[in-house]
Amino acid sequence: GTSDPYVKFKLGGKEVFRSKTVHKNLNPVWEEKASILIDNLREPLYIKVFDYDFGLQDDFIGSAFLDLTSLELNRQTDVTLSLKDPHYPDHDLGSIFLSVLLAPGDQQEATQSLRLSDLHRKSQLWRGIVSVTLIEGRELKAMDANGLSDPYVKFRLGHQKYKSKIVPKTLNPQWREQFDFHLYEERGGIIDITVWDKDVGKRDDFIG
């Protein structure tokens with residue numbers, strides 16, 4: 001009876017931002033912020049909401065368009081958009097709330113921000129998302145005197161890091177955790193995965 005919603009924002013057919021996934025929730029709160037460079041105000045911002053399904057194709061929940069020409073310059077505007085399915089226009093699919101600020105770049109600012117964006121482009125622009133689901137561990141090494149371990153996992157991709165929860169006293173931990181990494185253009189796509197045994201009062205043991 002729930003969904004695992006996330007939101008995609010598109011401009012001119014290109015994905016410009018994707019939110020994180022909020023699990024098991026029909027009233028998700030994201031509190032995420034994105035700055036999007038806009039070339040043409042007449043191009044509406046297309047917003048699509050999906051339900052994340054592990055291992056299957058994600059379900060489409062609904063979509064909406066934000067008309068950027070309706071926004072006042074330099075004024076934070078709260079917007080409520082009703083989600084629709086183009087195939088079933090009469091169905092009410094809930095709504096999405098955004099706070100939007102449209103700010104102009106004058107010539108000097110624009111050239112500066114362009115220069116900056118060239119510098120940052122390599123570090124800022126990502127071309128995809130890696131969704132990782134940590135499921136379980138099997139027959140891990142015992143690191144504690146009781147013949148067990150308290151395992152957790154650390155993931156690293158470039159400067160992005162994720163640390164799983166600790167599963168106490170087991171060699172066959174069940175995690176069932178899902179998270180996303182952004183995949184950047186310039187960096188190699190290698191995820192560094194290390195498994196650790198949590199120890200209180202001393203350094204955690206490296207399992208592998």
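This is a predicted model: local features need pLDDT of at least 70, side-chain atom pairs count only at pLDDT 80 or more; totals for chains, interfaces and linings use all residues.

Visitor: What makes the approach of Asp4 to Asp51 a polar contact?

Guide: The backbone nitrogen of Asp4 lies 2.7 Å from a polar atom of the Asp51 side chain. The cut-off is 3.5 Å, so this pair counts as a polar contact. Beyond its neighbours within four places in sequence, Asp51 is in contact with several residues, including Tyr6, Asp58 and Ile61.

Visitor: Why are β9 and β12 said to stand at the edges of their sheet?

Guide: Four strands form an open, antiparallel sheet in the order β9-β8-β11-β12. Strands β9 (160–163) and β12 (205–206) each have a single partner strand, so one side of each is left without a neighbour in the sheet.

Visitor: How do you know that β8 and β9 pair?

Guide: Pairing requires at least two bridges, and four join β8 (residues 151–157) to β9, so the two strands pair. Within β9, Lys161 is the bridge partner of Arg156.

Visitor: Which residues touch the most other members of the largest nonpolar core?

Guide: They are Ile47, Leu66, Leu81 and Ile96, in a core of 20 residues. Among the elements giving two or more residues to this core are β3 and β4 (59–66). A second, separate core of 13 residues includes Phe155 and Trp175.

Notes. Residues are numbered from 1 along each chain as its sequence is written. Side-chain values use heavy atoms; hydrogens and water are left out. A polar contact is a pair of N or O atoms within 3.5 Å; within protein, one must be able to donate a hydrogen and the other to accept it, and residues adjacent in sequence count only if both atoms are side-chain atoms. Contact means heavy atoms within 4.5 Å. A nonpolar core is a set of buried Ala, Val, Leu, Ile, Met, Phe, Trp, Tyr and Cys residues joined through side-chain atoms within 4.5 Å. Buried means under 20% relative accessible area, exposed over 50%, partly exposed in between (1.4 Å probe, protein chains only).
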